Structures are given as C-alpha cells and as structure tokens.
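These are my notebook entries on one structure. I set down what I looked up, topic by topic.

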Amino acid sequence: MGKTLFDKVWDSHVVHQVENGPQILYIDKHLIHEVTSPQAFNELEERNIPLFRKEQIVATADHNVPTKDQHLPIQDLLSKKQVEMLTENCDKHGVTLYGLGHPYQGIVHVMAPELGITQPGMTMVCGDSHTSTHGAFGTIAFGIGTSQVAQVFASQCLLLSKPKSMRITVNGKLKKGVLPKDVILYIIAQLGTNSGTGYFVEYAGDVFENMTMEGRMTVCNMSIEMGARGGMIAPDETTFNYVKGREFAPKGEDFNKKVSYWKTLPTDADATFDKEYTFDAADIAPMVTYGTNPGMGIKITERIPSKDDVSFEKSLEYMGLQKGEKLLGKQINYVFIGSCTNSRIEDFRIAAEYIKGKQKAANVNALIVPGSQQVAQQIKEEGIQAVFEDAGFEMRQSGCSACLGMNEDKIPAGEYCVSTSNRNFEGRQGQGARTILASPLVAAATAIAGKIVDVTEEIKELELV
Ligand SMILES: CC(C)[C@H](C(=O)O)[C@@H](O)C(=O)O
Ligand code: SF4
C-alpha cells in the first residue's frame with residue numbers, strides 16, 4: 001500500500017519501536033524561545049545532563065520583546081528576565097541565539113523558514129503550538145511541552161505514538177480577495193476546533209498547490225486551531241524555489257541531491273487516510289470571526305448564527321455581539337497586522353497595495369508588526385513602510401506583539417481589534433479585549449474604513465490578490 005507524505009517523513013525518523021508501544025522519533029531541528037525553554041534548561045542542569053546536539057538547536061526571543069526602542073533595555077521586568085535568561089542559557093550551553101538586536105531575530109515561525117533552517121522532509125519541534133507552521137515545507141513540525149523540550153535537549157529524540165492521518169482537499173480557484181487566511185478560517189469554521197484532535201493533517205488540491213510559501217505557512221500555522229497536532233503540504237517547485245539560496249539551505253550539488261529526495265516525499269496515489277474532507281474553492285469568501293475560538297467564523301457578509309448553547313452565548317456576551325447581527329459595518333478602533341500567521345512580506349505587500357494612496361480612519365489605531373528583522377528590512381527596501389506611514393499606520397519592530405498579551409502591546413478592555421493573528425480567546429490580546437480574526441486584506445480595509453467592510457468588489461482592480 002502507498003504511503004502518505006506524513007508516513008514517509010515519520011518512518012524515516014523512527015529510531016526505535018517500543019514493543020506494542022510508542023516509537024522513538026529523531027528530531028532534526030529544535031527551535032526554542034524565551035517562554036518555554038527556561039524550565040527545560042533547569043531540568044537538565046539539575047540532573048547534570050548535557051545538551052546532546054546543540055548544533056541542531058536555534059533560539060530567538062519573540063514573545064516578550066517590546067516592539068518599540070528595541071535598542072534600549074526592556075522596561076517590563078518579567079519580560080526582561082525571560083529574555084536575559086534565554087541569553088544566559090544559550091551562552092552557557094553553546095546554542096545559537098538570534099536575540100534582540102540581531103538581524104535574524106524574529107518570531108520563531110517566521111525567522112526559521114526565511115533563514116532556510118526549515119526544510120522539507122525534516123522533523124522539527126518547538127515548545128510552541130504554532131510550530132505547525134513549518135509543515136508548509138513538507139516537514140513534520142509540531143509543538144511540544146516543556147518536559148519534552150528537556151527530552152529533546154537530552155536525546156534529540158521524542159517518545160511518541162503515531163497520530164492518525166487526515167487529508168483536507170480544496171480544489172478549484174479562489175475568488176479575488178480570498179486569501180490563505182480565509183481558506184483556513186473557512187475550514188475551521190466548517191469542521192470545528194476539535195475536528196483535528198489526534199490527527200496530523202495534509203492539505204491537498206489545487207488551492208494549496210497554487211499557493212505561495214507564505215500562504216501555505218498561514219494555513220499550516222492554524223492547523224493547531226482545529227485541534228490537529230500539525231499540518232503539512234507536499235513539497236514542490238514552489239517549495240524548492242523558496243528554500244534555494246537561503247542562508248542555511250543546502251548549496252550547490254547538495255541542494256540538487258536534496259531536491260531529488262524531496263521529490264519522493266509527496267503522498268502516493270494509492271495511499272489512504274483515516275479521514276478525508278473535501279471543499280470547493282468557489283464556496284470560500286473573506287472571513288471574520290465573531291466569537292472566542294477560531295472556529296466561530298463567518299463569511300464577512302453573513303450574520304452571526306443563532307445557537308441555544310450556554311458557551312456560545314457566553315462567548316457572544318464577551319464579544320458584546322448578538323445572535324443574527326452582521327459584523328459588516330461594525331465600528332472598529334484597533335487593527336493589528338502581525339503574528340506568525342500573517343507577518344511575512346507577502347502579507348504586508350497585499351496590505352500595502354490596498355492602502356496605497358489612502359488614509360487610515362481617524363478612529364483607528366493601526367499597528368504593523370513585521371514577523372522578523374529581515375521582513376522589517378524588506379518592508380523598508382520595497383517602499384512599503386512609507387506607504388504604511390503615509391497612511392497613518394504605526395510601524396513597529398519584530399516580535400509576537402499584540403498577538404498575545406505577554407508584552408507591552410495590548411488592546412484595551414472592551415475594544416474590538418481586527419487582527420491577523422490566530423487566536424481570539426478571551427483576554428488573548430489584553431484583558432477584556434475583543435479579537436476578530438481576519439486576513440491582512442480585511443484588516444487593511446478595516447483600518448481605512450474605520451469599520452468592517454467587504455472589499456471583494458473594490459479589489460477586483462488590484463494586482464496582487
Ligand atoms: C507562549 C507559547 C507557549 C504559546 C504557544 O504555545 O502557542 C504562544 O505562542 C501562543 O501563541 O499562545
Ligand atoms: S505570534 Fe502569536 S501565535 Fe505566533 S508564536 Fe507568537 S504568540 Fe504564538
């Protein structure tokens with residue numbers, strides 16, 4: 001019987017099979033950040049165990065970092081301590097760190113792919129749930145807990161049971177103005193936030209084949225929001241072209257050899273999945289969420305559904321919204337374009353193309369936060385920064401920022417924020433803050449109009465989307 005992409009990568013990394021039990025999986029790359037690594041370093045030190053393969057670990061500081069005046073000492077004491085601890089631990093253990101001030105610093109799921117650290121066919125882990133992002137390269141990538149971070153430090157391996165397999169196929173052509181973010185928000189709205197529990201997902205079909213790497217990363221990033229361990233997309237020419245020439249990508253003949261291997265990875269025609277779903281691209285439209293989990297999403301023109309369910313009602317109450325209400329036309333005072341879901345160059349190009357020559361609405365605070373220093377640099381070089389600044393948007397430096405309230409960038413209580421991030425949980429962007437998840441295009445249009453608007457008609461004229 002044929003094998004899936006997941007099977008091929010998984011099977012080639014199994015170093016031991018426990019009889020009638022789990023397997024021991026070799027991990028190629030281990031990414032770490034300041035939030036989930038300190039306890040793991042402590043554990044190693046307490047038990048006097050050295051790092052097994054430090055050259056396979058890469059660290060960056062992202063969650064706690066301020067996005068203003070990064071050259072100055074961090075003001076917030078807890079953040080300062082966490083970032084300093086990471087620096088100390090990396091120094092002590094000889095781990096490569098792209099910390100604050102380094103030109104490679106950035107959100108871990110933005111900087112690793114752009115440096116060519118993420119490559120097809122690998123196994124990758126990080127103490128962070130959105131590690132699923134790297135699956136866009138045909139990589140088995142998933143988030144782990146702190147005790148597993150320590151396990152990988154000590155052995156470069158993990159004890160795991162193989163997850164079940166799911167394939168989500170989307171065929172057809174997306175309408176203009178429908179972005180990868182809308183595709184994944186649509187899928188999660190259709191399937192629900194628990195649909196992926198116990199599964200590893202493969203995204204297949206025309207829509208993903210025609211997607212850029214940035215778009216594929218946006219989709220795989222949110223696999224975790226339907227409960228899946230991770231998501232992946234078969235590597236193809238788009239993948240190889242993206243990886244080629246990047247700092248840590250294989251070079252010359254090595255690269256060609258890798259490509260020959262990567263070409264063997266896509267799922268065999270006769271492989272089967274434990275579960276399959278199929279959608280039609282034509283049914284997908286720009287999406288917004290109205291509740292407090294990413295599955296509570298509707299097309300931007302639809303009304304909030306009516307459900308007699310206590311947690312549904314509680315969620316609407318938190319959001320200050322009513323059953324049957326439309327989000328279209330709703331006044332919005334905060335817009336955040338950033339996070340590991342949508343802070344890559346393509347996201348900002350799309351936003352800037354829409355914004356060019358327009359002015360932000362007076363009621364809106366609009367934050368643009370590049371996912372990495374390299375993206376920030378690119379934004380400047382391409383003249384996109386000037387577009388944002390001329391339109392009255394606030395440009396910041398790279399980090400997780402307002403995606404979650406672990407740093408200074410927070411949304412005030414009671415305010416709505418149209419956000420390109422991935423989670424709309426209660427209090428996620430600050431106590432009492434109300435998050436509406438959307439694509440960078442919907443976010444940009446909201447900032448200009450000062451309210452939620454349907455841009456599908458208008459953007460027919462635009463080049464990019
Ligand atoms: C802080 C970190 C552990 C967390 C995660 O695992 O995802 C964060 O990145 C998030 O997005 O909520
Ligand atoms: S940007 Fe948000 S989702 Fe991504 S790693 Fe940071 S906190 Fe988590």
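**Entry 1: Overall fold**

I counted 15 helices and 19 strands in the protein; helices (H or I, at least four residues) and strands (E, at least two) are DSSP runs, numbered from the N terminus. I note that this is a predicted model, in which local features need pLDDT of at least 70, side-chain atom pairs count only at pLDDT 80 or more, and totals for chains, interfaces and linings use all residues. Residues are numbered from 1 along each chain as its sequence is written, while chains are lettered from A and ligands numbered from 1 in the order in which they are written.

I looked up the confidence next. The mean pLDDT is 97, and 99% of the residues reach 70 or more; pLDDT is the predictor's confidence in each residue, from 0 to 100. For the complex, the predictor gives an ipTM of 0.99 and a pTM of 0.98.

I then checked the dimensions. The C-alpha trace spans about 60 × 55 × 50 Å along its principal axes.

Of the 465 residues, 53% count as buried. A residue is buried if 20 or more other C-beta atoms lie within 10 Å of its own, exposed if 12 or fewer, and partly exposed in between, with C-beta atoms placed from the backbone. Among contacts with a separation of 6 or more, 75% come from residues 24 or more positions apart; a contact requires C-beta atoms, placed from the backbone, within 7 Å.

**Entry 2: Two domains**

I took the domain assignment as domain 1 (5-275) and domain 2 (287-461); such bounds come from an automatic or database domain assignment. The domain centres, taken over C-alpha atoms, are 24 Å apart. I found 40 residues of domain 1 in contact with 39 residues of domain 2. On the domain 1 side, helix 4 (108-114), helix 6 (180-191) and helix 8 are the elements that give two or more residues. Helix 6 gives the most, with 6 residues. This side of domain 1 divides into 14 nonpolar, 16 polar and 10 charged residues. Ala, Val, Leu, Ile, Met, Phe, Trp, Tyr, Cys and Pro count as nonpolar, Asp, Glu, Lys and Arg as charged, and the others, Gly among them, as polar.

**Entry 3: Ligand shells**

I listed V35, T36, H63, D128, S129, H130, G143 and L404 around ligand 1; a residue is near a molecule if its C-beta atom, placed from the backbone, lies within 6 Å of it. By class, this shell has 2 nonpolar, 5 polar and 1 charged.

Around ligand 2 I listed D62, H63, I107, D128, H130, S339, C340, C400, C403, L404, S421 and N422. The classes here are 5 nonpolar, 5 polar and 2 charged.

**Entry 4: Helix 12**

Helix 12 (residues 345-355) has 9 of its 11 residues buried, so it is largely enclosed by the rest of the structure. The buried ones are I345, D347, F348, R349, I350, A351, A352, Y354 and I355. I traced their packing to helix 8 (213-221), strand 15 (334-337), helix 13 (373-381), helix 14 (384-390) and helix 15 (440-449). Just after helix 12, G357 takes a positive phi of about 80 degrees.

A443 is found in helix 15. It counts as buried because it has 33 C-beta neighbours inside 10 Å. Leaving out residues up to four places away in sequence, A443 touches V335, I337, A351, V418, T420 and A438.

R434 belongs to strand 19 (residues 434-437). R434 is buried, with 25 C-beta neighbours inside 10 Å. Y318 is 116 residues from R434 in sequence, yet their C-alpha atoms are 7.6 Å apart. Beyond neighbours within four places in sequence, R434 is in contact with M319, G320, E415, Y416 and C417.

I411 sits in the loop between strand 17 (394-395) and strand 18 (416-419). I found I411 buried, with 25 other C-beta atoms within 10 Å. I411 and G430 are 19 residues apart along the chain, and 5.4 Å separates their C-alpha atoms. Not counting residues up to four places away in sequence, I411 touches Y334, A402, C417, Q429, G430 and A433.

Key:
Two residues are in contact if their C-beta atoms, placed from the backbone, lie within 7 Å.
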